[in-house]
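Below are some notes for a colleague who is opening this model for the first time. They are numbered so that each can be checked against the structure in turn.

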Amino acid sequence: MYTPPMFKPDRAASLAFAEARGFGTVCAWDGSKPVASSLPFYLDYADDGTPLAAFHVARHNALAGFADGTSSWLMAVNGADAYVSPDWYASPDQVPTWLYQAAHLTGTVRKQSDDELGRHLDALSAKFERWLAPKPPWLSSKMTAGRLDAMKKAIVGLVMTVEVVEGSFKLNQHKSDTDYVAIATALAGQQEAAAKVLACEMRGLRPQLFESQAT
């Protein structure tokens, strides 16, 4: 991942972003071309602190056959993104750009055992069911045993041992306070939800610039 120093978050921030997002595109190499799938995941940690990204794919997905525990895979996790018009800056001679947040996780991938798969599915659904609180969480125990077993047989659980963590949070950190406020304010006024999310992130980086707007 190419990341200018001013946009580079630390390892902990990149992992926290990836965990909070919980959805990414996993890419492997089949020997002649890349193969990718977009899917949900969660992060766990080995006893030594190594991050582990757990996910699953359909049994017929080509990725399932590449999980040999030795080849390197990439998981790209993208957050909100938005276009920025030069007209929004207070300063002249600006150019169009795109703001975004992203993290890349790289490492080897192995298959989960049958016992691991059951725990994985419960942990994965629990992660996202928490987003829906106060709704009572859905539990796999609500399914009949036969139906749950059939669903497990249709998928392959996978675990990435994350060896490299990279991030790029491009939020106009290199701009003057005046231009920074102008862009955050313009983004906050857009209809797209992603633009509003980035405006909120920008406010969080320099909260003192927006105190007057909060009162």
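1. The second largest pocket is lined by Tyr42, Asp44, Leu52, Ala54, Arg110, Gln112, Glu116, Arg119, His120 and Val159. The model is a predicted one, and the volume of this pocket comes to about 180 Å³. Strands β3 (42-45) and β4 (51-58) and helix α2 are the elements that give two or more residues to its lining. The most comes from α2, with 3 residues. Sorted by class, the lining of the second largest pocket holds 4 nonpolar, 2 polar and 4 charged residues.

2. The largest pocket has a volume of about 220 Å³. Its lining counts 13 residues, and those closest to the centre are Leu121, Trp138, Met143, Leu148 and Ile155. By class, the lining of the largest pocket divides into 7 nonpolar, 4 polar and 2 charged residues.

3. For orientation, here is the overall layout. The protein has 6 helices and 7 strands. Read from the N terminus, the order of elements is α-β-β-β-β-β-β-α-α-β-α-α-α. The C-alpha trace spans about 60 × 45 × 30 Å along its principal axes. Of the 215 residues in the protein, 40% are buried.

4. Asp122 is a residue of helix α2. Is Asp122 buried, partly exposed or exposed? With a relative accessible area of 37%, Asp122 is partly exposed. Its side chain makes a polar contact of 2.7 Å with the side chain of Ser140. Lys135 is 13 residues away from Asp122 along the chain, and the C-alpha atoms of the two are separated by 17 Å.

5. The loop between α2 and α3 also deserves a look, as Pro134 is placed there. The peptide bond that joins Ala133 and Pro134 is cis, with omega at about 15 degrees. As background, most peptide bonds are trans, and most residues other than glycine have a negative phi. The next two points concern phi.

6. Asn172 is located in the loop between β7 (155-170) and α4 (177-188). Phi of Asn172 is positive, near 60 degrees, in a residue other than glycine. The side chain of Asn172 is joined to that of Tyr89 by a polar contact of 3.3 Å.

7. Asp93 has a positive phi of about 60 degrees and is not a glycine. Asp93 sits in the loop between β5 and β6.

8. What does the pair of Tyr83 and Trp98 tie together? Tyr83 belongs to strand β5 (residues 72-84) and Trp98 to strand β6 (residues 97-111), so the pair ties together parts that are 15 residues apart in sequence. Tyr83 is partly exposed, at 38% relative accessibility. Trp98 is also partly exposed, with a relative accessible area of 41%.

9. Arg206 lies over the face of Tyr180, and the distance from the ring centre is 3.9 Å.

Terms used. Residues are numbered from 1 along each chain as its sequence is written. This is a predicted model: local features need pLDDT of at least 70, side-chain atom pairs count only at pLDDT 80 or more; totals for chains, interfaces and linings use all residues. Side-chain values use heavy atoms; hydrogens and water are left out. On a 1 Å grid over the protein atoms alone, a cavity is a set of points where a 1.4 Å probe fits but cannot get out, and a pocket is an open set with protein on both sides within 12 Å along at least five of seven lines; lining residues have an atom within 4 Å of a point. Grid points are joined across faces, edges and corners, and a volume is the space filled by probe spheres set on the points. Ala, Val, Leu, Ile, Met, Phe, Trp, Tyr, Cys and Pro count as nonpolar, Asp, Glu, Lys and Arg as charged, and the others, Gly among them, as polar. Helices (H or I, at least four residues) and strands (E, at least two) are DSSP runs, numbered from the N terminus. Buried means under 20% relative accessible area, exposed over 50%, partly exposed in between (1.4 Å probe, protein chains only). A charge sits over a ring if NZ of Lys or CZ of Arg is within 6 Å of the ring centre and within 35 degrees of the ring normal. A polar contact is a pair of N or O atoms within 3.5 Å; within protein, one must be able to donate a hydrogen and the other to accept it, and residues adjacent in sequence count only if both atoms are side-chain atoms.
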